[in-house]
Amino acid sequence: MATTQRRGRRIMMTPGELDAFLATERTCRVATVSADGAPHVSALWFVWDGTSLWLYSLTRSRRWAELRRDPRIAVVVDAGEQYGELRGVELTGTAQFVGESPRTGEPCPELDVPERLFIRKNFGLEEMVHDGRHAWLRLTPDAIASWDFRKLTQS
(Lines give C-alpha, C1' and ligand atoms only; values in the text may rest on other atoms or scores of the structure.)
Protein backbone atom coordinates (compact mmCIF):
# COMPACT_ATOMS: atom_id res chain seq x y z
CA MET A 1 0.00 0.00 0.00
CA ALA A 2 1.31 3.44 -0.94
CA THR A 3 2.09 5.94 1.79
CA THR A 4 -0.35 8.76 2.48
CA GLN A 5 0.44 12.20 1.16
CA ARG A 6 1.44 14.48 4.05
CA ARG A 7 1.61 17.85 2.28
CA GLY A 8 -0.72 19.56 -0.15
CA ARG A 9 -3.81 17.69 0.99
CA ARG A 10 -6.01 20.57 -0.15
CA ILE A 11 -5.03 20.01 -3.77
CA MET A 12 -4.37 16.26 -3.80
CA MET A 13 -6.52 14.07 -6.00
CA THR A 14 -9.09 11.70 -4.55
CA PRO A 15 -8.61 8.02 -5.44
CA GLY A 16 -11.29 8.35 -8.13
CA GLU A 17 -9.70 11.48 -9.58
CA LEU A 18 -6.30 9.80 -9.59
CA ASP A 19 -7.66 6.73 -11.41
CA ALA A 20 -9.46 8.88 -13.99
CA PHE A 21 -6.38 11.05 -14.57
CA LEU A 22 -4.03 8.07 -15.02
CA ALA A 23 -6.56 6.33 -17.28
CA THR A 24 -6.61 9.24 -19.73
CA GLU A 25 -3.07 10.64 -19.79
CA ARG A 26 -0.59 8.90 -22.08
CA THR A 27 2.91 10.13 -21.40
CA CYS A 28 4.91 9.87 -18.22
CA ARG A 29 8.44 10.81 -17.28
CA VAL A 30 10.45 7.94 -15.80
CA ALA A 31 13.38 8.70 -13.49
CA THR A 32 16.05 6.06 -12.94
CA VAL A 33 19.48 6.07 -11.30
CA SER A 34 22.66 5.77 -13.39
CA ALA A 35 25.60 3.65 -12.23
CA ASP A 36 27.38 6.80 -11.03
CA GLY A 37 24.30 7.92 -9.07
CA ALA A 38 23.21 10.56 -11.58
CA PRO A 39 19.49 10.77 -12.33
CA HIS A 40 18.20 9.88 -15.80
CA VAL A 41 14.73 10.91 -16.99
CA SER A 42 12.97 9.66 -20.11
CA ALA A 43 9.46 9.88 -21.53
CA LEU A 44 7.34 6.78 -22.02
CA TRP A 45 3.75 5.71 -22.58
CA PHE A 46 2.07 3.85 -19.73
CA VAL A 47 -1.15 2.29 -18.54
CA TRP A 48 -2.68 2.25 -15.03
CA ASP A 49 -4.71 -0.74 -13.85
CA GLY A 50 -5.99 0.86 -10.64
CA THR A 51 -3.13 -0.54 -8.55
CA SER A 52 0.02 -0.51 -10.66
CA LEU A 53 1.57 1.59 -13.39
CA TRP A 54 2.69 -0.54 -16.35
CA LEU A 55 5.49 0.65 -18.62
CA TYR A 56 6.23 -0.90 -22.03
CA SER A 57 9.94 -0.15 -22.45
CA LEU A 58 12.57 -0.86 -25.05
CA THR A 59 14.81 -3.56 -23.60
CA ARG A 60 17.91 -2.06 -25.24
CA SER A 61 17.39 1.34 -23.64
CA ARG A 62 19.42 3.11 -21.01
CA ARG A 63 16.30 3.09 -18.79
CA TRP A 64 16.04 -0.72 -18.98
CA ALA A 65 19.73 -1.24 -18.20
CA GLU A 66 19.59 1.15 -15.25
CA LEU A 67 16.52 -0.56 -13.80
CA ARG A 68 18.16 -3.98 -14.16
CA ARG A 69 21.05 -2.68 -12.07
CA ASP A 70 18.98 -0.61 -9.62
CA PRO A 71 15.18 -1.05 -9.73
CA ARG A 72 14.37 2.17 -7.84
CA ILE A 73 12.07 4.33 -9.96
CA ALA A 74 10.06 7.53 -9.84
CA VAL A 75 7.42 8.39 -12.41
CA VAL A 76 5.61 11.70 -12.99
CA VAL A 77 2.46 12.14 -15.04
CA ASP A 78 1.30 15.72 -15.36
CA ALA A 79 -0.96 17.97 -17.43
CA GLY A 80 -2.02 21.59 -17.74
CA GLU A 81 -0.61 24.75 -19.28
CA GLN A 82 -1.66 27.62 -17.04
CA TYR A 83 -0.89 27.65 -13.29
CA GLY A 84 -4.53 27.09 -12.31
CA GLU A 85 -4.77 24.05 -14.62
CA LEU A 86 -1.72 22.14 -13.37
CA ARG A 87 -2.35 18.62 -12.12
CA GLY A 88 -0.29 15.50 -11.82
CA VAL A 89 0.89 12.45 -9.94
CA GLU A 90 4.30 11.25 -8.77
CA LEU A 91 4.64 7.52 -8.08
CA THR A 92 7.76 6.03 -6.51
CA GLY A 93 8.87 2.52 -5.71
CA THR A 94 10.63 -0.46 -7.21
CA ALA A 95 10.25 -1.61 -10.82
CA GLN A 96 9.42 -5.26 -11.40
CA PHE A 97 10.09 -7.02 -14.71
CA VAL A 98 7.08 -9.02 -15.90
CA GLY A 99 6.94 -11.56 -18.74
CA GLU A 100 9.63 -12.48 -21.21
CA SER A 101 12.24 -9.95 -22.28
CA PRO A 102 11.88 -8.90 -24.97
CA ARG A 103 8.16 -9.61 -25.23
CA THR A 104 7.22 -11.80 -28.18
CA GLY A 105 3.69 -12.72 -27.11
CA GLU A 106 4.27 -15.90 -25.11
CA PRO A 107 1.22 -16.53 -22.89
CA CYS A 108 1.52 -14.58 -19.64
CA PRO A 109 -1.83 -14.22 -17.83
CA GLU A 110 -0.39 -11.46 -15.63
CA LEU A 111 -0.03 -9.30 -18.74
CA ASP A 112 -3.55 -9.86 -20.14
CA VAL A 113 -5.07 -6.78 -18.48
CA PRO A 114 -2.20 -4.30 -18.95
CA GLU A 115 -1.74 -5.28 -22.59
CA ARG A 116 -5.46 -4.94 -23.32
CA LEU A 117 -5.59 -1.54 -21.58
CA PHE A 118 -2.38 -0.33 -23.26
CA ILE A 119 -3.31 -1.24 -26.83
CA ARG A 120 -6.84 0.23 -26.50
CA LYS A 121 -5.65 3.45 -24.85
CA ASN A 122 -2.72 4.18 -27.13
CA PHE A 123 -3.65 2.60 -30.46
CA GLY A 124 -7.41 1.96 -30.38
CA LEU A 125 -6.83 -1.73 -31.12
CA GLU A 126 -8.11 -4.86 -29.40
CA GLU A 127 -5.05 -7.09 -29.64
CA MET A 128 -1.48 -6.37 -28.57
CA VAL A 129 1.16 -6.44 -31.30
CA HIS A 130 4.60 -7.54 -30.10
CA ASP A 131 7.69 -6.27 -31.86
CA GLY A 132 10.33 -8.30 -30.00
CA ARG A 133 12.02 -5.08 -28.80
CA HIS A 134 9.90 -4.07 -25.79
CA ALA A 135 9.03 -5.68 -22.47
CA TRP A 136 6.94 -4.84 -19.42
CA LEU A 137 7.83 -3.11 -16.18
CA ARG A 138 5.36 -2.82 -13.32
CA LEU A 139 5.48 -0.15 -10.66
CA THR A 140 3.24 -0.86 -7.70
CA PRO A 141 3.98 2.41 -5.89
CA ASP A 142 5.30 2.66 -2.36
CA ALA A 143 4.32 6.33 -2.35
CA ILE A 144 1.97 8.52 -4.40
CA ALA A 145 1.81 12.30 -4.33
CA SER A 146 -0.77 14.14 -6.43
CA TRP A 147 -1.82 17.72 -7.09
CA ASP A 148 -4.67 19.44 -8.88
CA PHE A 149 -4.31 23.22 -8.84
CA ARG A 150 -7.82 23.56 -10.27
CA LYS A 151 -9.00 22.90 -6.70
CA LEU A 152 -7.47 26.22 -5.59
CA THR A 153 -10.19 28.12 -7.41
CA GLN A 154 -13.04 26.02 -6.02
CA SER A 155 -14.83 27.25 -2.92
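W45 is found in strand 2, which covers residues 39–48, strands being DSSP runs of E with at least two residues, numbered from the N terminus as helices (H or I, at least four residues) are. This is a predicted model, in which local features need pLDDT of at least 70 and side-chain atom pairs count only at pLDDT 80 or more, while totals for chains, interfaces and linings use all residues. Residues are numbered from 1 along each chain as its sequence is written, and side-chain values use heavy atoms, with hydrogens and water left out.

With a relative accessible area of 31%, W45 is partly exposed, a class that lies between buried (under 20% relative accessible area) and exposed (over 50%), with a 1.4 Å probe and protein chains only. Together with F123, L125 and V129, W45 forms a nonpolar patch on the surface, and these residues have about 390 Å² of accessible area together. Patches are made of residues with over 30% relative accessible area and no salt bridge, with nonpolar side chains (Val, Leu, Ile, Met, Phe, Trp, Tyr) joined within 5 Å and like charges within 9 Å; the areas come from the Shrake-Rupley method with a 1.4 Å probe, and for residues only the protein chains shown count as cover.

The structure holds ten salt bridges, each a side-chain nitrogen of Lys or Arg within 4 Å of a carboxyl oxygen of Asp or Glu. The table lists some of them.

| Salt bridge | N to O distance |
|---|---|
| D70 and R72 | 2.7 Å |
| E100 and R103 | 2.7 Å |
| R133 and D131 | 3.5 Å |

In the pair of D70 and R72, D70 is buried, with a relative accessible area of 12%, whereas R72 is partly exposed at 49%. D131, the partner of R133, is partly exposed, with a relative accessible area of 39%. R103, which meets E100, counts as buried at 3% relative accessibility. Salt bridges that share partners join E100, R103 and E115 into one network.
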